[in-house]
Amino acid sequence: MRNVRLFYQKKGNAKYISHLDMNRFMMRAVKRSGVPVWYTEGFNPHPFITFTMPLSLGFETNYDSIEFKIEGEMTNEEIAERFRNVFPATMPVIGVKDCVLKSKELKYASFTITLQAADREAINAYFEKDEIIVSKKTKKGTINQIDIKEKIHNLSLTENGALRLYMVLPAGSEENLNPAVILDAMKLQAVQFTIVGISRNELLDKDFNLFE
Amino acid sequence: MTDLEFSKLVENVQKPGRYAGGELNSVLKDKQQIAVRFAFCFPDIYEIGMSHLGMKILYSLLNELDYCWCERVFAPFTDMEASLRENNRALFAIESRDDLSEFDIIGFTLQYELSYTNILNMLALGNVLLLSADRAGLHQLVIAGGPCACNPEPLCDFVDLFVLGEGEEVTAELVSLYRQHKLNASTKDEFLAAAAAIEGVYVPSLYLVKYREDFSVESVAPRDSAPAKVRKRIIKNLDKVFYPDRFVVPYMEIVHDRVIQEIFRGCIRGCRFCQAGMIYRPVREKNLDIVSQQAKCLCDTTGYDEVSLSSLSTSDYSALEPLVDKLLSWSEQDKVSISLPSLRIDSFSPQLLDKISKVRKSGLTFAPEAGTQRMRNVINKNISEEEIINTCKTAFAGGYINIKLYFMMGLPYETMEDIEGIIDLSQRVVDLYYQNPDKPKGKSVQVSISVSTFVPKPFTPFQWAAFDSAESIKAKQQHLLSYTKSKKIKISFSDKETSFLEAVLARGDRRLGAVLLKAFSLGCKMDGWDEFLDFEKWMEAFAACGVDPLFYLRKREYDERLPWDHLDYYVTKGFLQREDEKAAMEAVTENCRQRCSGCGADQGGGCSFEKR
Ligand code: SF4
């Protein structure tokens, strides 16, 4: 048995599939693909798969992955091909690789947020402040006000018809920051914009290299 | 609608997956190449509609035709409806996201009387004129079918034609006819006249209904060449009828999220209150090899890991054990589980029961329907108290601790003793639990009883019966509660306003069209949902139209002309009357496998059991 990761994208309509529904989708996709994924044992056996990093409802992604164990002989190319055949067009398969890193070595994710805003300067100004305070739910359910200024990496704002906000945020089992939290905080500061789309571009390790 | 417009529309909507589409096996076509665009409308939300087998069948069947594109439309939930209005958008079909008004044929399925206002709401949200008479062209033809089409009279103002009976053949014929007439640029009247010649098609505008002074129906006169009686369609051979080789597989969870495999139509039992048991006659079984093949194919194309066998009473399939063995021959290897709903456990060998993993241990439901043997004889529910007790015994021995029992009250010929019988029986089940020597320690039994109010339905032996009065139901409910001694018995009643409206609409006539329209204009919709039903508005609508709802709840005489008498579901009125008379005498009728009781359904052919 070996551990592999299947990398795929989630585009267009697929963004309306919630994480919970993705899970059920994957179970059925594995079944239709005929890929010898290891099943759990017991009363109600099902394919054992884990999502590297759950994606919020409404987000697109260029780089998402699931991990599973393969029983028996099948090349990564063939596995990828089989998934390609059963995934919808809105979820193109990038490929299959043997796991290089452990899931806990995932540290960051990069995002592109496309906005419509009349006042670009207001957005610039928001990110140039000394601190950026957001409300964040802790694991215990209480809400904390925290400064996340230091946690935003590689921030950039470009304009090309719409505004594009690029940033790298902590992601993974230890720390996680969802860009929606920042957008909510911006709204509270009366920064005016509408969200056109949010896309998670890449998953990254501690050195900002691609997570594989 | 662009993707951006769509995403704006669903921005604040709770479950965008209800409207997003793109599911596995959903069908996209190039609309330029399509002659007939068909909107299959389910007047309830996505999760409910997508669970419906009839929709799956017709969706696949229509999309097999190269000239037709069938798309799906569901009732938007309240948040989506608000968003549609706010954004000034019309209700649209899931596949193309085109407005409902762009469709040639707009077809509704009538599963439940309380979905009628949703039909009006969907048309209105789709910018389609509500009244059939106002829609002049052939375009936007509104059609409807399904069980409630057996008395479609309350909907006659809105619907251009109804499809009676089983839809596979007749829908295809209808769409083909429509295509010809569209090509020839026929008028709507020309098309409707031609459609009325198809067996199973009822065009209400071709019938003139006259009422007596007391508002009962005096006559129903067909115009032109329309048949005096419209017969429902029957599929004679279930082995040959179209069955989909794929289902649309939703991403979000729906009510029945699995492969549904039909095994037979009709029911051998003949319970006198049950409309399904009468209007789906005759009994026709599907060959077990075909059942197995179809189920396997559906698992392969959907990836589902569960198959649920579908029929009105699974245990009555003549070859159930061989069928389950056949299914298990591939399902175990494919890691697919088989579930058998509406199963009578006592009729099943424990070994086989063991193999079926999906018979869950959490709870067990059972429907004695009435509390006393006398009353069960009246309704022809041929289950004895011993059978019920034995089933519960097996269940307790198997570790079940929650039993759910379904009963009805307000049945014809009912007395207070029958009401007490509900509790006596439930109490016996509780006592039985404590007599079980192996009962799990530290756990206690719960017997939940759900008591619904009986609603008399057309084409049943009780179609003439009165709907029990509000006072009488109240008295019975109170008595039931005060008669209950054990805390282990949990009682729930059906909503009285829901049953009331259901009863009015089920046996209604065309005069209810105005009431429906008024109720809708007052804001009534989603009436099947307790939290949305606004009974006062309905009463206001009845009053505004000068229609007394109680008129529809009264007992009818055998010689009264019933509003649906010009429709023919094969089961004869003579048979129904005989059954009602037997009910009054507490006499039971044997099931179809024991003895054919000459219901008339074999006239259409295909009955598996009638004596030849
Ligand atoms: S014709 Fe006879 S056997 Fe067939 S459904 Fe009717 S009563 Fe039953």
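In the predicted model, chain A is divided into domain 1, spanning residues 2-99, and domain 2, spanning residues 105-204, and the C-alpha centres of domain 1 of chain A and domain 2 of chain A lie 28 Å apart. Twelve residues from domain 1 of chain A and 14 residues from domain 2 of chain A take part in the contact. The area buried between domain 1 of chain A and domain 2 of chain A amounts to about 1,100 Å², with carbon and sulfur atoms giving 53% of that area. Of the area that domain 1 of chain A buries against domain 2 of chain A, 55% is supplied by A:M53, A:F59 and A:Y63, more than by any other three residues.

Between domain 1 of chain A and domain 2 of chain A, one salt bridge is counted, together with nine residue pairs in polar contact, both residues of each pair being at pLDDT 80 or more. The side of domain 1 of chain A that touches domain 2 of chain A comprises five nonpolar, five polar and two charged residues. A salt bridge is also formed by A:D64 with A:R200, whose closest N and O atoms are 2.7 Å apart.

The contact between chain A and chain B draws on 17 residues from chain A and 29 residues from chain B, and the area buried between the two chains is about 1,900 Å², of which 57% is given by carbon and sulfur atoms. A:Y16, A:R28 and A:K31 supply 34% of the area that chain A buries against chain B, more than any other three residues. Two salt bridges are found across the interface of chain A and chain B, and the side chains of A:R24 and B:D257 meet in a salt bridge with an N to O distance of 2.5 Å. Seven residue pairs in polar contact are counted between chain A and chain B, with both residues at pLDDT 80 or more. Helix α1 of chain A (residues 19-33) contributes six residues, the largest share, to the side of chain A that touches chain B, and the residues of that side divide into nine nonpolar, two polar and six charged.

Over all chains, a search of the whole structure finds 56 salt bridges. In chain B, B:E47 forms a salt bridge with B:R18, with the closest N and O atoms 2.9 Å apart; this pair links distant parts of the chain, B:E47 being in helix α3 (residues 46-49) and B:R18 in helix α2 (residues 17-20), 29 residues apart. Both B:E47 and B:R18 are buried. B:D98 forms a salt bridge with B:K31, again with the closest N and O atoms 2.9 Å apart, and the two residues lie 67 residues apart, B:D98 in the loop between α5 and β3 of chain B and B:K31 in the loop between α2 and β1 of chain B. B:D98 is buried because its relative accessible area, 9%, is under 20%, whereas B:K31 counts as partly exposed at 34% relative accessibility.

Within helix α5 of chain B, B:E81 and B:R85 lie four residues apart, about one turn of the helix, and their side chains meet in a salt bridge of 2.7 Å, N to O. B:E81 counts as buried at 4% relative accessibility, while B:R85 counts as exposed at 51%. A network of salt bridges links B:E166, B:E168, B:E262, B:R265 and B:R284.

Methods:
Residues numbered from 1 in each chain as written. Chains lettered and ligands numbered in written order. Predicted model: local features only at pLDDT ≥ 70, side-chain atom pairs only at ≥ 80, totals over all residues. Heavy atoms only, no water. Domains from an automatic or database assignment. Contact = heavy atoms within 4.5 Å. Buried area = accessible area lost by both parts, 1.4 Å probe. Salt bridge = Lys/Arg side-chain N within 4 Å of Asp/Glu carboxyl O. Polar contact = N/O pair within 3.5 Å; in protein donor to acceptor, adjacent residues only side chain to side chain. Nonpolar A, V, L, I, M, F, W, Y, C, P; charged D, E, K, R; others polar. Buried < 20%, exposed > 50% of the residue type's maximum accessible area, 1.4 Å probe, protein only.
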